[in-house]
Amino acid sequence: MTTIFLLGFMGSGKSTLAAQLALKLGYRFIDLDCFIEEKMQQSIASIFEEKGEEAFRKIEREALKEVLQQQRQVVALGGGTPCYFDNMEQINQIGISLFIDVSVAALVKRLGGSTQKRPLLEGKTKEELTRYVQNLLEKRMPFYQKATFRISSDNIRVSDLLALLGNA
Ligand code: S3P
């Protein structure tokens, strides 16, 4: 009876895996980005555009605090959520965190082909995207590594997560 948090870079598949895991466990599924969009009645892209990234991180932090009040849920965090304030400490205090660790090559492939609007990636060529993902992932790694568990593969399935949790 806890909260399971999925974290990792944009395009790592957190939301899809979290939804599947929630279904398997009979837990509620929460996508933090969607939670924010509903709460603010505004898309993430438009929050970035109108208010800027710093304001977004504060909004994200407040949304996380609200989500932390509940239990029996699988939460897909935003790619940057673990890297601001003491978010990661709060997350680990409340529940179990899983780092969905996907290679840069696979991330770039997925993000390049994605139609989802991601403000941090807007307007980048494939080369720029590769460099950007490499740099940002390196910066974020110390935060991602605070996760309770790490699963590294370019083909992670919900059964892999269940096996990991079963052994916890
Ligand atoms: C971000 C990731 C996005 C979203 C926002 C910022 C990031 O979520 O929170 O655009 O800083 O990595 P996803 O990881 O779900 O794309």
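At what angle do helix H1 and helix H8 pack, and how far apart are their axes? Keep that in mind as we go through this structure, which is a predicted model.

Let me start with the general idea, which is that two packed helices are described by the angle between their axes and the distance between the axes. For helix H1, residues 14-25, and helix H8, residues 158-166, the angle is about 60° and the axes are 9 Å apart. Angles under 35 degrees would count as roughly parallel and 65 to 115 as roughly perpendicular, so H1 is oblique to H8. Their crossing is right-handed, and the contact is made by Leu-17, Gln-20, Leu-21, Lys-24 and Leu-25 on the H1 side, with Val-158, Leu-161, Leu-162 and Leu-165 on the H8 side. By class, these residues divide into seven nonpolar, one polar and one charged.

Now please look at helix H6, residues 104-112, and helix H7, residues 126-144, whose axes come within 10 Å and cross at roughly 130°. These two helices are therefore oblique to each other, and their crossing is right-handed. Among the residues that make this contact are Leu-107 and Leu-111 of H6, together with Val-133 and Leu-137 of H7.

Note on methods. Residues are numbered from 1 along each chain as its sequence is written. This is a predicted model: local features need pLDDT of at least 70, side-chain atom pairs count only at pLDDT 80 or more; totals for chains, interfaces and linings use all residues. Side-chain values use heavy atoms; hydrogens and water are left out. Axes are lines fitted to C-alpha atoms, for helices over the stretch in contact, and angles run from 0 to 180 degrees between N-to-C directions. Helices (H or I, at least four residues) and strands (E, at least two) are DSSP runs, numbered from the N terminus. Angles under 35 degrees count as roughly parallel, over 145 as roughly antiparallel, 65 to 115 as roughly perpendicular and the rest as oblique. A crossing is left-handed if the near helix is turned anticlockwise from the far one by less than a right angle, and right-handed if clockwise. Contact means heavy atoms within 4.5 Å. Ala, Val, Leu, Ile, Met, Phe, Trp, Tyr, Cys and Pro count as nonpolar, Asp, Glu, Lys and Arg as charged, and the others, Gly among them, as polar.
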